[in-house]
Amino acid sequence: MIKNKYLFIYLFFVFILPNKSLASVDCNQNKIISPYKSYNIKNISIEILNQRKWYKNLYEAIFEIDNIFLKKKFKKRYNAKLKIRYKNNVSCELNARVRLHGDTPEHYSLSPPSLSVRLKNGNLNNFTDFILFRPDTRGGDNEIFASSLAKHLGFISPDTFYLYVNFNGTNFRYLLQERAAKELLEYYGKREGPIFEGDERHVYDEKSNENLANRTHKGLVRMTNPKWALKNDVNLKTSLNILENLNYMYQDFLINLNNGSTRYFMNFDIVENINPASIENLYVYHAFLYSIKGTHGLAYHNRKFYYDYLNDFIHPIFYDTDTKIFTLKNESDYILDKNLVIEKKI
């Protein structure tokens with residue numbers, strides 16, 4: 001009788017409790033991710049629901065006669081099913097919207113292409129909007145090291161890591177990077193506020209007759225989360241004031257650039273009514289990217305900023321440094337054989 005009692009308890013903990021645990025998982029909230037950024041994702045699979053339209057769009061983009069950059073008409077989003085498989089063998093299936101990502105052909109002229117993914121429900125490591133880069137377009141290990149170092153030094157840096165992905169049946173090792181959004185700010189203990197980036201619309205203007213080199217000398221700043229500004233009058237005024245400040249700095253930079261000045265240096269001292277510590281931090285970030293040969297991230301159209309209105313502080317956000325600290329791998333190193341275990345487990 002006693003043996004049977006212990007046998008029942010053993011079976012209860014081994015079989016019944018795990019099943020209840022799995023049944024209680026809320027895939028829409030992904031509550032099994034705790035704490036934030038726990039890196040317990042094993043792999044994901046993405047399946048475009050209308051693959052015929054997806055590949056038609058992709059092939060038209062690849063064979064476009066004017067194949068200088070990816071035109072807006074090819075950046076349509078498509079409904080998809082995204083399945084996340086965790087290391088404890090729990091799986092969650094979410095709805096997503098996926099489009100081609102990147103402006104230049106290396107992002108989309110090879111298969112599989114870089115992808116922009118936006119989750120309609122649930123989250124992945126607590127963010128809902130992220131990019132799956134072809135690793136060779138971001139320097140692979142270089143981007144992970146540089147973004148991690150930036151985070152260690154106290155700069156706002158998006159989560160960046162390798163992730164095995166089965167995209168429409170093809171296995172690939174992508175470089176995942178979260179977008180600069182509310183969730184990223186929350187991780188750094190910041191309140192949601194205006195996020196800005198260099199405006200590339202002039203650089204990749206389809207209607208412009210200027211050559212691409214001349215277009216890179218044009219452009220200002222745009223706000224990437226305008227919905228925050230429209231919540232109330234205070235938010236709107238705050239956003240417009242800092243936007244005006246940043247654009248004044250950009251205008252000064254572009255005038256000097258067209259007069260032969262370096263394409264990377266910005267005079268942050270002309271920004272008005274800003275915490276002096278913020279100005280110093282912007283120069284430190286500038287020096288940091290120079291030290292890791294990441295000056296690509298200092299080009300005006302690659303810069304991103306977050307304005308902490310509570311402390312009157314402009315924070316640079318790590319993005320697209322193109323550093324070459326490590327030797328780059330070949331594109332073929334990231335394509336996985338179809339017989340690998342990942343395909344069988346997704």
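View 1. Where pLDDT is low, the predicted coordinates should not be read in detail. Residues are numbered from 1 along each chain as its sequence is written, and side-chain values use heavy atoms, without hydrogens and water. Local features need pLDDT of at least 70 and side-chain atom pairs 80 or more, whereas totals for chains, interfaces and linings use all residues.

**View 2. Confidence by element.** The protein chain averages a pLDDT of 79, and 75% of the residues score at least 70. Among its elements, helix 9 has the lowest mean pLDDT (34), and strand 10 (residues 304-308) has the highest (96). Helices (H or I, at least four residues) and strands (E, at least two) are DSSP runs, numbered from the N terminus.

**View 3. Strand 4 and its partners.** Four of the five residues of strand 4 (residues 115-119) are buried, that is, under 20% relative accessible area (1.4 Å probe, protein chains only). Strand 4 pairs with strand 3 (residues 91-100) in the antiparallel sense over five bridges; pairing requires at least two DSSP bridges. Here Ala96 stands opposite Leu119. Strand 5 (residues 129-133) runs antiparallel to strand 4 and is joined to it by four bridges, with Ser116 opposite Ile131.

Methods. pLDDT = per-residue confidence, 0-100. Buried < 20%, exposed > 50% of the residue type's maximum accessible area, 1.4 Å probe, protein only.
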